[in-house]
Every structure is written in C-alpha cells, then in structure tokens.
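Dear colleague,

I am passing on the structure below, together with notes on what was found in it. Please read the notes with the coordinates open beside you.

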Amino acid sequence: MNGLDTPKKLLSSIEDIERFVDRYSLGRDRGEGSKHFLRIKIPNGMLTADQFRRIAHLAEKYGRGYAEITDRQDIQLHWIEPEDAMSLFTQLEEIGFTTDKCGQGYPGARYGDVRNIVGCPVAGVDKFELIDTSPIVKQLNEFFTGNKDFLDLPRKFKISVSGCSINCTNPEVNDLSFVALRKLTGEVGFVALVGGTVGVAPKLAQPLGVFIEPDDVVDVTKAIVEVYRDYGSREIKVKARFRWLVEEWGIEKLRRIIEEKIEKTLEAHNLDYLPTSGGEHIGVQPQRQEGYTYISIPIVGGMLSRDKMLNIAEVAEKYASGDLRLSPSQNIIIINIPREHVNSVIDKLERIGFSMKGSLLKWTTIACAGNFCGKSPDHPKKRAVEIVDYLEKRFGETLRNSSLRIHISGCPNGCGRHLTADIGLQAVQLTVEGRPKQGYNIYLGGGLGPKASLGRLTERGVGTEDVKYTIENLLLAYAKEETNFRSFREFCDRHTVEELKFLMNPSPKSEE
Amino acid sequence: MPVSLTKSNEGSYALNVQGYTCPYPVLFTVRALKQIAPGEILEVVLDNPPSCETVPAAAEKQGCKVLEVSRISDKLWRIRIRK
C-alpha cells in the first residue's frame, strides 16, 4: 500500500485543500443543469472595475458566462464543477474575495455562518448620509471571515449596517441591523434591530431599544452573534434562526446579556418607527463630493452576462474612478463620475443595453434564483423582466414617478423577499384539471421603512402567463384613485382583500 | 472535526469528512482515491447530504465503482467505493 495506514500521512497531503475550508465553499443547485453555485461575498458591495472584470472572466471560464447580483451584494455564479473548485478558490483569493460557507445542506441546526454583511452601496459618496458605515462593515467582515469561533452557528446569520437615510439595506429583514440616527443633540449613532427574517416563518426585526455609538457597533455585533451561537436552538432547523431566540428571551433579557458581555450599559432609546423612507438609490445622483456624480445601473433580477460585466467595467474605468458598488436591489452603481462625463456614461450605458429612461421598476424589482435552486416551478428572474417590460410598455412614463416595488420569490422560503414589496409574487405549483400548472400567489401592501409591514396574501395561484395582466388591472384601479402613482401601500390598506381581488380580476387579456 | 483516513481492514480504508460542506467531501475523496491501490475499498463517512450525490459522481469520473450509498444514522451517510 501507499503508506496510508495512519491519518497523519493523509493529513500531510491535504494542506492545499484545507487552507480554503473556512473561507470558501460551493452551494447546491438543482436546476438549469447546474449542480453547484459559487456565492462571492462582496463586503458592502464595494469592488473595483478590475475585480469585476476578473470575476467576469471566472464566469466565462467556469459558469457559462453568466453571473447574478444578489440582494446581499454578492456575485453568484452557477454550473460550477467541484473539480474546478481549487482553481476557482485560488483565483478568488488573488482577486481578494471569499464566499458564503453554504452549510444549509446539513440536516441539523449547525454550520451556520455570518453571511455577506450588507451596507449602503453609496456609503462615503451619498450626499445625504449621516455616517459612512463602510469602515464598520469592513471591520466586521474581517473579524468574521474564516473565524472558526463563528463557523458553527445554529443557522445562517444576516447583518446589515447603514448610514444612509433611505433604508436601502432592508434592516427589518436581517437578524441584526444597525440604522444610523442623528439625535436632537446632533450626535450620530445607531439604533439596532434584531430577529428579522423573511423565510417560511417571517418576522420583521424589532428595535433593541438602545442608542449605540459608532465605536461600539463591532463589540455589540460580536456579543450578539456569540449569544446566538451559544444560546440559539439547535434542536430543529426550522426553529433555529435568531428570531426564535429573540422571541423566547424577549428584548429586555437580550439587552441585559449583551450589556454583560460588552461590560457597558447601553443608552436607552425608544423607537416608534424607523427614521427612514424605505428606498433605493436610483438613477443619476450628485455625490457629496462637489462635481462628482454616481449612476445606478438598473439590472432587473441582477442578471448579467460576461460581456455586460466587461462593458460596465470599461465604462467605470474610462469615465470614472473605476469603483463599482452592488446594491441590495441587485443593481450596479458607478461612482465618482466627473460632471463632464455624466452624459457620456449615460449614452454608453444606453448603447450596452442599460437605459436610464422608463420606470423606476427597473431599479426596484428583484427576484431570486429559484430556477437554479430547484425549489421553484418558474424562472423568477425571467418573469421579473417580462413583467417590468410589459408594465413599462403599458404605462409608459406614468410609472416614472412611482417607487412601486415588485419582488418575486420562487418558493415560500422567500429569497426574493416577496413579503416586503408593494406587490410580492411567490411561485406555486398548481394542478388544473389534473395537470400540473405553474402560477403565483400575490401578496399586496408589504414594505419596509416607516410603518413596515408584511404583504397580505391577496390572490392564490394566478397562472404565470396571467400575472402581468393581473398587476396591470390592479395598477389601472390604483391610477384611478391616486395621482402620480404614489402611496401604493396606502391604496392597499384602504381596501379589503376581497376588494383587491376584485380589482385584480385575473382574467387574461390579449397583449396589444 | 478534522478529516481523517484510516485503514479499517486489509485493502479497506475509511475517510471521515464530517463537518465539511461542498466541495470538500469531493476533493478529499478524489485525493484519497488517488492514494489507494486499484481494487481497494474506500468508505466515505459524511454529514452533508448533497455530497451523497456529488461524491459518487466524482468517484465514477475517476473510473471507480460506487458500491453503496447508505444512511447510517439520522445525520450520517456512508459511501463505499471500489477503486
């Protein structure tokens, strides 16, 4: 034999593999012929055009030239072969990124990790931000990446930190989130929310009831993740997310244990509602740096080809500083564009297929990768493109002023956050006259920010081909009641589910 | 739990990859298969269910024969491969 009688001899020959174990992994796909995905964590969504270009080359070589921006500011590739993993991980390490640990395949409540930490994509350049939180996000990311003490949490743990004023990081759906706040005294710090999730047992995060100084955010985060690691339920997977511990303990106990851990009493701060507006950084915006602009490129569903990635990288390098940001609404932002180059960038983007014209739906619509994970009967991202295209054609510029959000999930797990949108769609498998048919359940009136709430299930099993007409009917009714397409949630709140069902009238129409 | 390869019987080896997510069970299995002799048996014990599909597929790509994929407890699986 080859001298393998003792474990030690084998161990000495696998160091090249083991060095990646705590920082890189592949996730499991079951659709489109893909068996594995690679979810590249981009902390705070910040990367250079050169890094973006190199990831495009990885997509070309290992993932059929396709990539997705996720709603946690990751870049996801599919069709990855395990045999290519070592080469991929080596190149990713050179580029400067790691991946999710993807421990969701385990049957028990263990091997959870801290997912990509989400931050405002225009941190540091937003004209109206209260504080640039990207240094905090980077510090947290460095602490948790590959940290063996935090690689066996009961389940995944999602964190967001935001200093902008429009709630772009979706704090209410994270396990732990920090939202910047300016007190009447002028002091800027954070309120924390805990226990949010949009899975099969959805729950919006609750305020921790404290004001946290910027210097304490890292310590408070470490304390809370430790609490989850040590006290979160490991009995059954479905009851293992942090929300269940928050519910079991209550806010007061959680706060007391955190304070014991950080050896500091946190300042009480009651919060009736989040001091935010529930939005997205859209279109062409002035930066806080005089003479500079950022442009958010709308990418419905976050779907990208290798060519589009290379084109975006080229524009960012040719006309701006070469810095890119990924947004939690699956878009890409080019920052640091000198004023004199703004029109050139807009023209160039138009030529490569990204128009700044049309409705805001292109920026606000998100969809999950349900066609790859195998849990969805439909292709949520393609459906998103179809619906947005149809509504733009149908309503034209009248949707330009609407901040309407359409979110699409492929299954009840809600990775497309369908419960937090004005119009949320969740794919379902139907049986019609004994035959399988694909469709969507429709949830209305959800939203984050002030008066955050989950959408109401309003219609079940609308056929996939009819969804766009159903939404069209609803928007026509809405337009009669509201001018300029504002306050969709208020419109929904004014009506009962039965009334909304009637307004949607899901009978198909022929496309003009 | 660190990965380990032990000799269980003459011509038979046990590879324990509990605690490893994809792609590591595949990578360790392929590495171990390269180091045992043709005809010998490798028994892989794992707790990551997706690997019950990917490890056999990788072994077959190496020209090996998958003899058995079985669940040995609530959270453990065993894959027997002949090189």
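The interface between the two chains comes first: 27 residues of chain A are in contact with 26 residues of chain B, where contact requires that the C-beta atoms of two residues, placed from the backbone, lie within 7 Å. On the chain A side that touches chain B, α1 (7-11), β2 (34-41) and α4 (85-95) each supply at least two residues; helices (H or I, at least four residues) and strands (E, at least two) are DSSP runs, numbered from the N terminus. By class, this side of chain A has 15 nonpolar, 7 polar and 5 charged residues, with Ala, Val, Leu, Ile, Met, Phe, Trp, Tyr, Cys and Pro counted as nonpolar, Asp, Glu, Lys and Arg as charged, and the others, Gly among them, as polar.

As for how to read these notes, the model is a predicted one, in which local features need pLDDT of at least 70 and side-chain atom pairs count only at pLDDT 80 or more, while totals for chains, interfaces and linings use all residues. Residues are numbered from 1 along each chain as its sequence is written, and chains are lettered from A and ligands numbered from 1 in the order in which they are written.

From chain B, Leu27(B), which is found in helix α1 of that chain, touches Ile17(A), Pro82(A), Ala85(A) and Met86(A), leaving out residues up to four places away in sequence.

Chain A is divided into domain 1 (27-268), domain 2 (287-352) and domain 3 (363-504), with bounds that come from an automatic or database domain assignment. The C-alpha centres of domain 1 and domain 3 of chain A lie 27 Å apart, and the contact between these domains takes 19 residues from domain 1 and 16 residues from domain 3. On the domain 1 side, the elements that give two or more residues are β1 (27-31) and β2 of chain A, and the largest share, 3 residues, comes from β1(A). The residues of that side divide into 6 nonpolar, 7 polar and 6 charged.

These two strands, β1(A) and β2(A), run antiparallel and are joined by 3 bridges, given that two strands pair if DSSP finds at least two bridges between them. Gly31(A) has Ser34(A) in β2(A) as its bridge partner, and the strands form a hairpin with 2 residues between them, where Glu32(A) in the turn has a positive phi of about 60°.

Further along chain A there is an open sheet of 5 strands in the order β18-β19-β20-β21-β22, with mixed pairing; its edge strands, β18 (366-367) and β22 (456-463), each pair on one side only. Within this sheet, β19 (residues 406-409) and β20 (residues 423-432) run parallel and are joined by 4 bridges, and Ile408(A) has Leu425(A) in β20(A) as its bridge partner. The loop between β19 and β20 of chain A holds Arg417(A), which has a positive phi of about 50° although it is not a glycine, and which counts as buried with 25 C-beta neighbours inside 10 Å. Trp79(A), in the loop between β5 (74-77) and α4 of chain A, likewise has a positive phi, of about 60°, without being a glycine, and is buried with 20 other C-beta atoms within 10 Å.

Best regards

Note on methods: Buried ≥ 20, exposed ≤ 12 C-beta atoms within 10 Å, placed from the backbone.
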